[in-house]
Amino acid sequence: MKRFNSFILNNTIKVIDYIYLGRDLQRFWVLEVIARSPYFAFLSVLHFKESLGLKNDTTMFLMKEHFYQAINETEHLKEMERRGGDKFWIDRFFARHLVIIYYWMMVFYYLFSPINAYDVNIKIEEHAYHTYSKYLKDNPDDKKIKEIAQDELAHVQELNQALLMHTSF
């Protein structure tokens, strides 16, 4: 399944990179719209399971962790909006339709195979870090993007920790 995840993700990234070639702020905005959805999906599933009484000590920790990750990604999204990343309707249309697909995909993945859900999200956060790092090569003085890139790297570490915790359920 991880090979399938990589195949789908790599091809999606190629399409997004092609569409947004030379349009860094718009690409960042689209990526940040998408970046929030797995955390919302994880929270939805964890809340659903908790409501059914399927909870343990790890559940609350994961709910808090994913909530804070969603807030952090929302802060990134607001920064990209402040920079005008959402000014074209076609970018808003594309991102909002893609995020619906991605959200529901992550809900089902996390419900039935949390390990695969984390695998996909780790790969996406790694891609986000590399995307911001490429931008920083040409714009080394952009302190906010440096901060966002470090946040993405921190999310990778947090997701790896959550993955380890989740396997102990």
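Hi everyone, let's start at Asn160, which sits in helix H6; helices here are DSSP runs of H or I with at least four residues, numbered from the N terminus. Before going on: this is a predicted model, where local features need pLDDT of at least 70 and side-chain atom pairs count only at pLDDT 80 or more, while totals for chains, interfaces and linings use all residues. Residues are numbered from 1 along each chain as its sequence is written, and side-chain values use heavy atoms, with hydrogens and water left out.

Now H6 itself. Helix H6 covers residues 143–166, 24 residues in all, and its first and last C-alphas are 34 Å apart, close to the 34 Å expected at 1.5 Å a residue (1.5 Å times one less than the number of residues). Its buried residues include Ile145, Asp151, His155 and Leu163.

Over to the lining of the largest pocket. A pocket is an open set of points on a 1 Å grid over the protein atoms alone, with protein on both sides within 12 Å along at least five of seven lines, and lining residues have an atom within 4 Å of a point. Here 20 residues line it, with Leu9, Thr12, Tyr102, Met105 and Ile124 nearest the centre. Which helix gives the most to this lining? That is H1, with seven residues. Thanks, all!

Definitions and conventions: 1 Å grid on protein atoms, 1.4 Å probe; cavity = no way out; pocket = protein on both sides within 12 Å on 5 of 7 lines; lining within 4 Å. Helix = DSSP H or I, 4+ residues; strand = E, 2+ residues; numbered from the N terminus. Buried < 20%, exposed > 50% of the residue type's maximum accessible area, 1.4 Å probe, protein only.
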